[in-house]
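Student: I have a structure open and I'd like to learn how to read it. Can we go through it together, feature by feature?

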Amino acid sequence: MPRNNQDRLVEKKKPEDESSPPRSSIDAVLNFVVPTEFVDLPTKGKFYSKDHPLHNVDTVEIKYMTAKETDILTSKQLLKKGVAVDRMLQSLILDKRIKIEELFTGDKNAILIAARISGFGQSYDATVTCRSCNAISDQSFNLGEVKSKEPPEDANYGENGTFFITLPQTKIRAEARLLTGLDEKRLSDKSDKKRKLKLPESLLTDQLKSVIVSLNEVTDRSTVEEFVDVMPAQDSNYLRNEYDKMRPDIDLSYQFDCEQCDSLNDISIPFSVNFFWPE
Ligand SMILES: [Zn+2]
């Protein structure tokens, strides 16, 4: 997982300027550089297009959380907009060409976990509910043990961050891409708008239209969109399943035995309020 970047801790001292007042003690403070670490990206950079700074790059360098990020997390104004966490993560990424909303969800989640560990440690306490008896219990999760979920070994990648899936019924070779956080937000905004206007909802076809880049190498958008509208259900179900298998993420699955009823629960580690705001 994360590796400490020791080089940055030993920053070179600037030569002293004799005309200025002695300020070696101030320099000692200012020369302290916040430690950074490299976060392994679940996508390994494979799904970013050629013009993206993370194309084929498998790590991203982030700094440890500082007082500035704590300020962002506690800003009432940002919390209201629900953007505090994104703004904080953006502040941690050293390469400013990388925009948090352009990241794939799995990569963003990996950065989220690394940031939490750097700011508040690996141990994370949250309450969980038993699925059998609804008893609520406290669990302590070790975030240092969270692993990545990777695409299948035999995945068929294209050149520009895309991948190929042959549809079982029509035998068409579909080229697909992963959706970024921004793509997902646009789709849900579009869906909300349709609901408000009382128009028929079409989230599934809208998603498929965004995911499919080409069909048998035909990239013309209107052809792709017409195909999606008449696509056999068998093919669309298959495409969605294969897309989920390809989508890299972090594995938040977790098992616990309920103390009340002894049943084994398979859950996901919950992102509760005290993830970044521990009591
Ligand atoms: Zn139980």
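Student: What spacing do the donors of the zinc ion follow along the chain?
Tutor: One thing to keep in mind as we go: this is a predicted model. Along the chain, the donors of the zinc ion follow the spacing C-x2-C-x124-C-x2-C.

Student: Which residues coordinate the zinc ion?
Tutor: Look for the SG atoms of Cys130, Cys133, Cys258 and Cys261, which coordinate the zinc ion at 2.3 Å. Now place two of them. Cysteine 130 sits in the loop between strand S4 (123–129) and strand S5 (136–142), while cysteine 261 sits in the loop between strand S11 (253–257) and strand S12 (264–268), so this pair ties together parts 131 residues apart in sequence.

Student: How do I read the geometry of the site of the zinc ion?
Tutor: Start with the general idea: four tetrahedral donors at a metal have ideal angles of 109.5 degrees. Here, the angles among the four donor atoms are 107 to 113°, and the site is tetrahedral.

Student: Which residues of helix H2 are buried?
Tutor: In H2, residues 67–74, the buried ones are Glu69, Ile72 and Leu73. They cover an arc of only 100° around the axis, which puts them on the same side of H2. Turn to the face away from that buried side and you'll find the exposed residues Ala67, Lys68 and Asp71.

Student: How many salt bridges does the structure hold?
Tutor: The idea is simple: side chains of opposite charge can pair when their charged atoms come close. This structure holds 14 salt bridges.

Student: Where do lysine 185 and aspartate 189 lie?
Tutor: Both lie in helix H6 (residues 181–196), four residues apart, about one turn of the helix. In general, an α-helix has 3.6 residues a turn, so residues three or four places apart point the same way. The side chains of lysine 185 and aspartate 189 meet in a salt bridge, 2.9 Å from N to O. Lysine 185 is partly exposed at 48% relative accessible area, and aspartate 189 is partly exposed at 36%.

Student: What does aspartate 206 form with lysine 194?
Tutor: Those two form a salt bridge, with their closest N and O atoms 3.4 Å apart. Aspartate 206 lies in helix H7 (residues 203–211) and lysine 194 in helix H6, so the pair ties together parts twelve residues apart in sequence. Aspartate 206 counts as buried, at 8% relative accessibility. Follow the links, and you get a network of salt bridges made of Lys190, Lys194 and Asp206.

Methods. Residues numbered from 1 in each chain as written. Predicted model: local features only at pLDDT ≥ 70, side-chain atom pairs only at ≥ 80, totals over all residues. Heavy atoms only, no water. Donors = N, O, S within 2.8 Å, 3.2 Å for Na, K, Ca; no water. Tetrahedral: all angles 85-135°; square planar, octahedral: opposite > 155°, others 65-115°. Helix = DSSP H or I, 4+ residues; strand = E, 2+ residues; numbered from the N terminus. Buried < 20%, exposed > 50% of the residue type's maximum accessible area, 1.4 Å probe, protein only. Arc of directions from axis to C-beta. Salt bridge = Lys/Arg side-chain N within 4 Å of Asp/Glu carboxyl O.
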